[in-house]
Amino acid sequence: MSIQISIPSLVIFFINLATLAFYYAFYRFHFYRFTEGFLQYTALAFSLFSAGIAIGLQAILLQLVPNGGPIWNSFFLSSFVEEFAKLLGIYLFFSKNQDEFTVTDGIFYGLVLGGGFGLVENILYYINTGLWSQVLRSITALPIHMMNGGLVGAFTMMFLFHKNPLFKWGKLFYGLMICVFFHGLYNLSLFQEIDLLVILPICILFLFFFLEIIIAKSRILVPGHILKLMDMSMEEYEILSRHNRHEGWIQNVQKHISTSGIRLFQYPNLRHTILTTFFLIPGVLSIYLLNEAPDWISHKFPDLVIQDYFALFVMYPIVLALMFFFAGILNPYFFRDRMLAVPLFSSVDMHIKEKEENSAIFHIKANLFYLPTSQNYPKDTEARFDLWLGLNCFSGLNGKILWSRENEEGNCGVMCELNSIPFSFLLQWNFLRFKQNLKNLFLRKVNV
(Lines give C-alpha, C1' and ligand atoms only; values in the text may rest on other atoms or scores of the structure.)
Protein backbone atom coordinates (compact mmCIF):
# COMPACT_ATOMS: atom_id res chain seq x y z
CA MET A 1 0.00 0.00 0.00
CA SER A 2 1.59 3.23 -1.13
CA ILE A 3 1.27 6.51 0.69
CA GLN A 4 0.71 9.53 -1.51
CA ILE A 5 1.71 12.96 -0.31
CA SER A 6 0.33 15.92 -2.21
CA ILE A 7 2.53 18.75 -3.42
CA PRO A 8 0.60 21.36 -1.33
CA SER A 9 1.17 19.26 1.79
CA LEU A 10 4.92 19.17 1.12
CA VAL A 11 4.94 22.91 0.49
CA ILE A 12 3.16 23.57 3.81
CA PHE A 13 5.53 21.21 5.64
CA PHE A 14 8.66 22.95 4.33
CA ILE A 15 7.14 26.38 4.99
CA ASN A 16 6.60 25.33 8.61
CA LEU A 17 10.18 24.11 8.86
CA ALA A 18 11.48 27.34 7.31
CA THR A 19 9.35 29.44 9.69
CA LEU A 20 10.60 27.48 12.70
CA ALA A 21 14.23 27.86 11.54
CA PHE A 22 13.75 31.59 10.90
CA TYR A 23 12.34 32.42 14.34
CA TYR A 24 14.80 30.08 16.06
CA ALA A 25 17.71 31.89 14.38
CA PHE A 26 16.13 35.26 15.18
CA TYR A 27 16.00 34.61 18.93
CA ARG A 28 19.16 32.49 18.97
CA PHE A 29 21.27 35.42 17.77
CA HIS A 30 19.10 38.09 19.34
CA PHE A 31 19.72 37.31 23.02
CA TYR A 32 20.90 33.73 23.63
CA ARG A 33 24.10 32.85 21.79
CA PHE A 34 25.50 30.13 24.07
CA THR A 35 23.34 27.01 23.87
CA GLU A 36 23.75 23.35 24.67
CA GLY A 37 22.66 20.97 21.91
CA PHE A 38 21.49 18.29 24.33
CA LEU A 39 19.18 20.71 26.13
CA GLN A 40 17.70 21.91 22.84
CA TYR A 41 16.98 18.33 21.72
CA THR A 42 15.49 17.64 25.14
CA ALA A 43 13.26 20.72 24.82
CA LEU A 44 12.10 19.45 21.40
CA ALA A 45 11.33 16.06 22.95
CA PHE A 46 9.27 17.76 25.65
CA SER A 47 7.41 19.64 22.89
CA LEU A 48 6.23 16.25 21.59
CA PHE A 49 5.19 15.35 25.12
CA SER A 50 3.26 18.62 25.47
CA ALA A 51 1.57 18.12 22.09
CA GLY A 52 0.48 14.62 23.17
CA ILE A 53 -0.92 15.98 26.45
CA ALA A 54 -2.82 18.70 24.56
CA ILE A 55 -4.31 16.22 22.08
CA GLY A 56 -5.36 13.88 24.91
CA LEU A 57 -6.99 16.67 26.93
CA GLN A 58 -8.77 18.01 23.86
CA ALA A 59 -10.13 14.54 23.04
CA ILE A 60 -11.53 14.22 26.58
CA LEU A 61 -13.08 17.69 26.49
CA LEU A 62 -14.65 17.02 23.09
CA GLN A 63 -16.36 13.98 24.60
CA LEU A 64 -17.63 16.06 27.52
CA VAL A 65 -18.55 19.19 25.50
CA PRO A 66 -19.03 18.09 21.88
CA ASN A 67 -20.80 21.26 20.71
CA GLY A 68 -18.93 24.11 22.34
CA GLY A 69 -19.29 27.56 20.83
CA PRO A 70 -16.57 29.70 19.24
CA ILE A 71 -15.56 31.26 22.58
CA TRP A 72 -15.21 27.85 24.22
CA ASN A 73 -13.30 26.39 21.27
CA SER A 74 -11.02 29.42 20.89
CA PHE A 75 -10.11 30.26 24.46
CA PHE A 76 -10.48 27.01 26.36
CA LEU A 77 -10.48 23.92 24.14
CA SER A 78 -7.62 25.24 22.02
CA SER A 79 -5.80 28.10 23.76
CA PHE A 80 -5.95 27.19 27.45
CA VAL A 81 -5.38 23.46 26.91
CA GLU A 82 -2.40 24.03 24.61
CA GLU A 83 -0.76 26.67 26.82
CA PHE A 84 -1.32 24.48 29.89
CA ALA A 85 0.28 21.53 28.08
CA LYS A 86 3.30 23.69 27.21
CA LEU A 87 3.48 24.87 30.82
CA LEU A 88 3.51 21.27 32.04
CA GLY A 89 6.28 20.34 29.57
CA ILE A 90 8.40 23.36 30.51
CA TYR A 91 7.90 22.72 34.22
CA LEU A 92 9.06 19.11 33.90
CA PHE A 93 11.99 20.23 31.75
CA PHE A 94 13.31 22.66 34.40
CA SER A 95 12.05 21.38 37.76
CA LYS A 96 14.72 18.72 38.37
CA ASN A 97 17.78 20.98 37.97
CA GLN A 98 16.14 24.38 38.32
CA ASP A 99 19.01 25.93 40.29
CA GLU A 100 21.35 25.55 37.32
CA PHE A 101 19.21 27.77 35.11
CA THR A 102 18.20 31.41 34.88
CA VAL A 103 15.03 33.13 33.73
CA THR A 104 16.83 33.78 30.43
CA ASP A 105 17.31 30.01 30.04
CA GLY A 106 13.61 29.57 30.69
CA ILE A 107 12.79 32.00 27.89
CA PHE A 108 15.05 30.41 25.28
CA TYR A 109 14.24 26.76 25.92
CA GLY A 110 10.59 27.74 26.25
CA LEU A 111 10.89 29.24 22.75
CA VAL A 112 12.37 25.99 21.46
CA LEU A 113 9.65 23.91 23.12
CA GLY A 114 6.93 26.25 21.86
CA GLY A 115 8.36 26.10 18.33
CA GLY A 116 8.38 22.30 18.34
CA PHE A 117 4.84 22.30 19.70
CA GLY A 118 3.66 24.70 16.97
CA LEU A 119 5.31 22.60 14.25
CA VAL A 120 3.61 19.42 15.47
CA GLU A 121 0.25 21.19 15.73
CA ASN A 122 0.47 22.66 12.22
CA ILE A 123 1.32 19.24 10.76
CA LEU A 124 -1.38 17.33 12.67
CA TYR A 125 -4.11 19.92 12.19
CA TYR A 126 -3.49 20.43 8.49
CA ILE A 127 -6.82 21.02 6.76
CA ASN A 128 -7.40 21.60 3.07
CA THR A 129 -8.65 25.19 3.14
CA GLY A 130 -6.50 26.41 0.28
CA LEU A 131 -2.75 26.72 -0.09
CA TRP A 132 -2.49 30.43 0.62
CA SER A 133 -4.68 30.26 3.74
CA GLN A 134 -2.53 27.41 5.04
CA VAL A 135 0.66 29.37 4.32
CA LEU A 136 -0.71 32.32 6.28
CA ARG A 137 -1.68 30.10 9.20
CA SER A 138 1.72 28.37 9.20
CA ILE A 139 3.77 31.56 9.35
CA THR A 140 1.58 33.19 12.00
CA ALA A 141 0.45 30.40 14.36
CA LEU A 142 3.96 29.02 14.81
CA PRO A 143 5.60 32.28 16.02
CA ILE A 144 2.69 32.82 18.41
CA HIS A 145 3.36 29.36 19.85
CA MET A 146 7.07 30.15 20.09
CA MET A 147 6.67 33.50 21.82
CA ASN A 148 4.07 32.07 24.19
CA GLY A 149 6.51 29.26 24.96
CA GLY A 150 9.18 31.83 25.83
CA LEU A 151 6.78 33.72 28.10
CA VAL A 152 5.58 30.55 29.81
CA GLY A 153 9.22 29.49 30.27
CA ALA A 154 10.07 32.83 31.92
CA PHE A 155 7.14 32.74 34.33
CA THR A 156 7.77 29.06 35.10
CA MET A 157 11.32 29.89 36.19
CA MET A 158 9.99 32.75 38.33
CA PHE A 159 7.54 30.27 39.85
CA LEU A 160 10.39 27.89 40.69
CA PHE A 161 12.58 30.64 42.18
CA HIS A 162 9.89 32.32 44.29
CA LYS A 163 9.07 31.02 47.77
CA ASN A 164 6.06 33.09 48.71
CA PRO A 165 2.90 31.31 47.39
CA LEU A 166 1.34 34.64 46.45
CA PHE A 167 4.24 35.51 44.15
CA LYS A 168 4.70 31.95 42.86
CA TRP A 169 1.15 31.34 41.77
CA GLY A 170 0.30 34.97 41.04
CA LYS A 171 3.06 35.44 38.46
CA LEU A 172 2.48 32.02 36.90
CA PHE A 173 -1.26 32.69 36.52
CA TYR A 174 -0.57 36.20 35.18
CA GLY A 175 1.83 34.97 32.50
CA LEU A 176 -0.35 32.02 31.52
CA MET A 177 -3.49 34.15 31.17
CA ILE A 178 -1.72 36.65 28.88
CA CYS A 179 -0.64 33.79 26.61
CA VAL A 180 -4.10 32.21 26.70
CA PHE A 181 -5.83 35.50 25.86
CA PHE A 182 -3.80 36.40 22.78
CA HIS A 183 -3.67 32.81 21.56
CA GLY A 184 -7.45 32.61 22.00
CA LEU A 185 -7.97 35.95 20.25
CA TYR A 186 -5.99 34.67 17.28
CA ASN A 187 -8.06 31.45 17.22
CA LEU A 188 -11.31 33.39 17.44
CA SER A 189 -10.32 35.50 14.44
CA LEU A 190 -9.91 32.26 12.45
CA PHE A 191 -13.08 30.53 13.68
CA GLN A 192 -15.33 33.58 13.39
CA GLU A 193 -13.56 35.09 10.38
CA ILE A 194 -13.05 38.32 12.28
CA ASP A 195 -10.78 40.74 10.43
CA LEU A 196 -7.47 38.88 10.64
CA LEU A 197 -5.66 41.91 9.24
CA VAL A 198 -6.42 43.70 12.52
CA ILE A 199 -6.15 40.83 14.99
CA LEU A 200 -2.96 39.26 13.61
CA PRO A 201 -0.56 42.23 14.04
CA ILE A 202 -2.09 42.99 17.46
CA CYS A 203 -1.41 39.44 18.69
CA ILE A 204 2.10 39.05 17.24
CA LEU A 205 3.37 42.53 18.08
CA PHE A 206 1.96 42.58 21.62
CA LEU A 207 3.49 39.19 22.43
CA PHE A 208 6.76 40.29 20.82
CA PHE A 209 7.02 43.54 22.82
CA PHE A 210 5.94 41.86 26.06
CA LEU A 211 8.58 39.17 25.51
CA GLU A 212 11.17 41.89 24.82
CA ILE A 213 10.41 43.47 28.21
CA ILE A 214 10.73 40.08 29.94
CA ILE A 215 14.02 39.39 28.10
CA ALA A 216 15.47 42.76 29.15
CA LYS A 217 14.47 42.27 32.79
CA SER A 218 15.72 38.67 32.83
CA ARG A 219 19.27 39.81 32.09
CA ILE A 220 19.57 41.41 35.53
CA LEU A 221 18.18 38.39 37.43
CA VAL A 222 20.53 35.82 38.94
CA PRO A 223 20.30 32.01 38.59
CA GLY A 224 18.89 29.75 41.25
CA HIS A 225 22.23 28.60 42.67
CA ILE A 226 23.26 32.22 43.31
CA LEU A 227 19.98 32.83 45.13
CA LYS A 228 20.70 29.77 47.24
CA LEU A 229 24.20 31.02 48.07
CA MET A 230 22.67 34.32 49.18
CA ASP A 231 19.91 32.41 51.02
CA MET A 232 17.22 34.47 49.27
CA SER A 233 14.12 33.90 47.25
CA MET A 234 13.59 35.83 44.03
CA GLU A 235 11.08 38.19 45.63
CA GLU A 236 13.56 39.03 48.39
CA TYR A 237 16.31 39.61 45.82
CA GLU A 238 14.05 41.94 43.82
CA ILE A 239 13.11 43.93 46.94
CA LEU A 240 16.74 44.25 48.02
CA SER A 241 17.80 45.26 44.51
CA ARG A 242 15.14 47.97 44.44
CA HIS A 243 16.31 49.24 47.83
CA ASN A 244 19.93 49.32 46.63
CA ARG A 245 18.84 51.32 43.59
CA HIS A 246 17.25 53.92 45.84
CA GLU A 247 20.33 54.09 48.05
CA GLY A 248 22.47 54.47 44.95
CA TRP A 249 20.24 57.32 43.78
CA ILE A 250 20.69 59.11 47.13
CA GLN A 251 24.47 58.69 46.95
CA ASN A 252 24.56 59.92 43.35
CA VAL A 253 22.55 63.01 44.28
CA GLN A 254 24.91 63.75 47.16
CA LYS A 255 27.93 63.32 44.89
CA HIS A 256 26.24 65.22 42.02
CA ILE A 257 26.47 62.16 39.75
CA SER A 258 23.89 62.08 36.96
CA THR A 259 22.20 58.87 35.76
CA SER A 260 20.51 60.55 32.79
CA GLY A 261 22.78 58.61 30.43
CA ILE A 262 21.10 55.34 31.42
CA ARG A 263 18.28 55.39 28.89
CA LEU A 264 15.41 52.97 28.41
CA PHE A 265 16.06 52.56 24.68
CA GLN A 266 19.26 51.66 22.87
CA TYR A 267 20.03 52.31 19.22
CA PRO A 268 19.33 49.31 16.94
CA ASN A 269 22.52 47.68 15.68
CA LEU A 270 23.58 47.64 12.04
CA ARG A 271 22.53 44.04 11.40
CA HIS A 272 19.00 44.67 12.65
CA THR A 273 18.78 47.89 10.64
CA ILE A 274 19.73 46.06 7.44
CA LEU A 275 17.21 43.28 8.13
CA THR A 276 14.53 45.87 8.91
CA THR A 277 15.10 47.46 5.50
CA PHE A 278 15.20 44.02 3.86
CA PHE A 279 11.68 43.17 5.08
CA LEU A 280 10.26 46.68 4.81
CA ILE A 281 11.00 47.09 1.09
CA PRO A 282 8.92 44.06 -0.07
CA GLY A 283 5.99 45.26 2.05
CA VAL A 284 6.10 48.71 0.46
CA LEU A 285 6.53 47.28 -3.06
CA SER A 286 3.56 44.94 -2.48
CA ILE A 287 1.38 47.94 -1.57
CA TYR A 288 2.49 49.67 -4.76
CA LEU A 289 1.75 46.56 -6.85
CA LEU A 290 -1.69 46.19 -5.25
CA ASN A 291 -2.55 49.77 -6.15
CA GLU A 292 -1.06 49.83 -9.63
CA ALA A 293 -1.58 46.31 -10.98
CA PRO A 294 -4.32 44.39 -9.10
CA ASP A 295 -5.32 42.57 -12.33
CA TRP A 296 -1.77 41.23 -12.72
CA ILE A 297 -1.94 39.78 -9.18
CA SER A 298 -5.30 38.11 -9.91
CA HIS A 299 -3.95 36.70 -13.19
CA LYS A 300 -0.72 35.30 -11.73
CA PHE A 301 -2.29 34.03 -8.49
CA PRO A 302 -5.93 33.17 -9.26
CA ASP A 303 -6.45 31.35 -5.93
CA LEU A 304 -5.04 34.20 -3.84
CA VAL A 305 -7.76 36.45 -2.40
CA ILE A 306 -6.92 40.09 -1.74
CA GLN A 307 -7.09 39.70 2.06
CA ASP A 308 -4.55 36.85 2.02
CA TYR A 309 -2.34 38.81 -0.39
CA PHE A 310 -2.36 41.85 1.88
CA ALA A 311 -1.69 39.71 4.97
CA LEU A 312 1.12 37.69 3.37
CA PHE A 313 2.95 40.25 1.27
CA VAL A 314 2.19 43.58 2.95
CA MET A 315 1.35 43.20 6.62
CA TYR A 316 3.58 40.26 7.54
CA PRO A 317 6.82 41.70 6.10
CA ILE A 318 6.10 45.00 7.86
CA VAL A 319 5.50 43.14 11.13
CA LEU A 320 8.85 41.35 10.69
CA ALA A 321 10.54 44.68 9.95
CA LEU A 322 9.16 46.12 13.20
CA MET A 323 10.31 43.06 15.13
CA PHE A 324 13.86 43.31 13.82
CA PHE A 325 13.99 47.06 14.40
CA PHE A 326 12.83 46.85 18.03
CA ALA A 327 14.59 43.58 18.94
CA GLY A 328 17.06 44.31 21.74
CA ILE A 329 16.24 48.02 21.79
CA LEU A 330 15.34 47.93 25.49
CA ASN A 331 18.30 48.63 27.77
CA PRO A 332 18.39 46.04 30.61
CA TYR A 333 20.60 48.32 32.73
CA PHE A 334 17.77 50.86 32.84
CA PHE A 335 15.79 48.39 34.97
CA ARG A 336 18.80 47.90 37.27
CA ASP A 337 20.49 51.30 37.58
CA ARG A 338 18.08 54.05 36.55
CA MET A 339 16.17 55.71 39.36
CA LEU A 340 13.27 58.10 39.54
CA ALA A 341 14.07 61.77 39.86
CA VAL A 342 12.28 61.76 43.23
CA PRO A 343 11.59 58.29 44.71
CA LEU A 344 8.56 57.36 46.78
CA PHE A 345 9.15 56.05 50.29
CA SER A 346 7.17 55.25 53.42
CA SER A 347 8.28 55.89 57.00
CA VAL A 348 8.30 52.87 59.30
CA ASP A 349 8.48 52.48 63.06
CA MET A 350 9.64 48.99 64.03
CA HIS A 351 9.06 47.86 67.64
CA ILE A 352 10.99 44.90 69.05
CA LYS A 353 10.18 44.43 72.73
CA GLU A 354 11.26 47.74 74.31
CA LYS A 355 13.39 48.84 71.37
CA GLU A 356 12.13 51.09 68.56
CA GLU A 357 13.75 51.65 65.15
CA ASN A 358 12.74 54.51 62.84
CA SER A 359 13.41 53.69 59.21
CA ALA A 360 11.91 53.88 55.71
CA ILE A 361 10.91 51.51 52.92
CA PHE A 362 11.31 52.32 49.23
CA HIS A 363 9.58 49.25 47.83
CA ILE A 364 7.05 46.72 49.09
CA LYS A 365 5.81 43.54 47.45
CA ALA A 366 2.60 42.26 49.02
CA ASN A 367 3.66 41.86 52.67
CA LEU A 368 7.46 41.88 52.19
CA PHE A 369 9.83 44.85 52.51
CA TYR A 370 13.43 45.71 53.40
CA LEU A 371 14.42 48.14 56.17
CA PRO A 372 17.78 49.78 56.93
CA THR A 373 18.46 49.34 60.67
CA SER A 374 21.05 50.33 63.25
CA GLN A 375 21.96 46.72 64.08
CA ASN A 376 21.41 43.11 63.05
CA TYR A 377 18.61 41.05 64.57
CA PRO A 378 18.19 37.29 64.97
CA LYS A 379 16.26 35.41 62.33
CA ASP A 380 12.48 35.10 62.88
CA THR A 381 12.45 37.87 65.50
CA GLU A 382 8.86 38.93 66.21
CA ALA A 383 8.20 42.63 65.64
CA ARG A 384 5.41 45.18 65.39
CA PHE A 385 5.34 47.81 62.64
CA ASP A 386 3.74 51.22 62.12
CA LEU A 387 3.63 52.15 58.43
CA TRP A 388 3.19 55.79 57.41
CA LEU A 389 1.93 57.17 54.13
CA GLY A 390 2.02 60.93 54.51
CA LEU A 391 -0.10 61.66 57.58
CA ASN A 392 -1.92 58.30 57.44
CA CYS A 393 -0.61 55.71 59.89
CA PHE A 394 -1.31 51.97 59.72
CA SER A 395 -0.24 50.97 63.21
CA GLY A 396 0.13 47.76 65.16
CA LEU A 397 0.92 45.46 62.23
CA ASN A 398 2.47 42.23 63.48
CA GLY A 399 5.22 40.48 61.59
CA LYS A 400 8.75 39.11 61.85
CA ILE A 401 12.29 39.58 60.60
CA LEU A 402 13.11 36.94 58.01
CA TRP A 403 16.83 37.67 57.99
CA SER A 404 19.33 40.37 58.82
CA ARG A 405 22.68 41.24 57.27
CA GLU A 406 25.41 43.83 57.05
CA ASN A 407 26.73 45.12 53.72
CA GLU A 408 30.33 45.95 52.77
CA GLU A 409 29.96 49.53 54.00
CA GLY A 410 28.90 48.36 57.46
CA ASN A 411 25.22 49.29 57.08
CA CYS A 412 22.70 46.87 58.55
CA GLY A 413 19.29 45.94 57.19
CA VAL A 414 16.49 43.44 57.71
CA MET A 415 14.00 41.71 55.41
CA CYS A 416 10.59 41.86 57.06
CA GLU A 417 7.34 39.97 56.53
CA LEU A 418 3.99 41.09 57.87
CA ASN A 419 1.46 38.50 59.03
CA SER A 420 -1.11 40.49 57.06
CA ILE A 421 -1.13 43.89 55.40
CA PRO A 422 -4.14 46.24 55.06
CA PHE A 423 -5.47 46.31 51.51
CA SER A 424 -6.06 50.04 51.88
CA PHE A 425 -2.32 50.56 52.47
CA LEU A 426 -1.39 48.71 49.27
CA LEU A 427 -4.06 50.60 47.35
CA GLN A 428 -2.79 53.98 48.55
CA TRP A 429 0.85 52.98 48.07
CA ASN A 430 0.34 51.97 44.43
CA PHE A 431 -1.80 55.02 43.72
CA LEU A 432 0.86 57.35 45.14
CA ARG A 433 3.58 55.50 43.26
CA PHE A 434 1.62 55.96 40.01
CA LYS A 435 1.28 59.70 40.69
CA GLN A 436 4.97 59.96 41.56
CA ASN A 437 5.93 58.19 38.32
CA LEU A 438 3.95 60.75 36.36
CA LYS A 439 5.61 63.63 38.25
CA ASN A 440 9.04 62.17 37.57
CA LEU A 441 8.34 62.06 33.83
CA PHE A 442 7.73 65.83 33.85
CA LEU A 443 10.69 66.46 36.18
CA ARG A 444 13.00 64.66 33.77
CA LYS A 445 11.74 66.67 30.83
CA VAL A 446 12.29 69.92 32.74
CA ASN A 447 15.79 68.89 33.86
CA VAL A 448 16.98 67.72 30.45
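Throughout this passage, a residue is called buried when its relative accessible area is under 20%, exposed when it is over 50%, and partly exposed in between, with a 1.4 Å probe and protein chains only. The model described is predicted, so that local features need pLDDT of at least 70 and side-chain atom pairs count only at pLDDT 80 or more, whereas totals for chains, interfaces and linings use all residues. Residues are numbered from 1 along each chain as its sequence is written, and side-chain values rest on heavy atoms, with hydrogens and water left out.

The secondary structure of the protein comprises 14 helices and 7 strands, where helices (H or I, at least four residues) and strands (E, at least two) are DSSP runs numbered from the N terminus. Of its 448 residues, 48% count as buried. Among the contacts (heavy atoms within 4.5 Å) with a separation of 6 or more, 76% are made by residues 24 or more positions apart.

The 7 strands form an open sheet in the order β2-β1-β5-β6-β7-β4-β3, with antiparallel pairing; two strands are taken to pair if DSSP finds at least two bridges between them. Strands β2 (355-361) and β3 (364-365) stand at the edges with a single partner strand each, so one side of each is left without a neighbour in the sheet. Strands of a sheet pair through backbone hydrogen bonds, either parallel or antiparallel.

Within this sheet, β1 and β2 pair in the antiparallel sense over 7 bridges, while β5 (residues 381-389) and β6 (residues 392-406) pair, also in the antiparallel sense, over 8 bridges. In the latter pair R384 stands opposite N398 of β6, and the hairpin of β5 and β6, which has 2 residues between the strands, includes G390 with a positive phi near 65 degrees. Strand β6 in turn pairs with β7 (residues 412-418) in the antiparallel sense over 7 bridges, with C416 of β7 as the bridge partner of I401. The hairpin formed by β6 and β7 has 5 residues between the strands, and G410 in its turn has a positive phi of about 85 degrees.

Residue D349 lies in strand β1 (residues 346-352), where its bridge partner in β2 is N358. Although D349 is buried, it has no salt bridge, and the nearest side chain of opposite charge, that of R384, is 8.4 Å away; in this count Lys and Arg are positive and Asp and Glu negative, with His and the chain ends not counted. The side chain of D349 instead makes a polar contact with the side chain of W388 at 3.2 Å. A polar contact is a pair of N or O atoms within 3.5 Å; within protein, one must be able to donate a hydrogen and the other to accept it, and residues adjacent in sequence count only if both atoms are side-chain atoms. With its neighbours within four places in sequence left aside, D349 is in contact with E356, E357, N358, R384, F385, D386 and W388.

The structure holds 4 salt bridges, a salt bridge being a side-chain nitrogen of Lys or Arg within 4 Å of a carboxyl oxygen of Asp or Glu. One of them joins E238 to K171, with the closest N and O atoms 3.6 Å apart; this pair links distant parts of the chain, E238 being in helix α9 (residues 234-254) and K171 in helix α6 (residues 165-191), 67 residues apart. E238 is buried, with a relative accessible area of 19%. The side chains of K365 and E238 also meet in a salt bridge (2.5 Å, N to O), which connects strand β3 with helix α9 across 127 residues. K365 is likewise buried, at a relative accessible area of 14%.

A further salt bridge is formed by K400 and D380, the closest N and O atoms being 3.9 Å apart; K400 is in strand β6 and D380 in the loop between β4 (368-373) and β5, 20 residues apart. K400 counts as partly exposed at 26% relative accessibility, and D380 counts as partly exposed at 40%. Salt bridges that share partners join K171, E238 and K365 into one network.

Among the helices, α10 (residues 270-292) has 23 residues and should span 33 Å at 1.5 Å a residue, which agrees with the 33 Å between its end C-alpha atoms; the expected span is 1.5 Å times one less than the number of residues. Residues H272, T276, F279, G283, S286 and L290 of α10 are buried. The N-terminal end of α10 is capped by N269, a side-chain oxygen of which lies 3.3 Å from the backbone nitrogen of R271.
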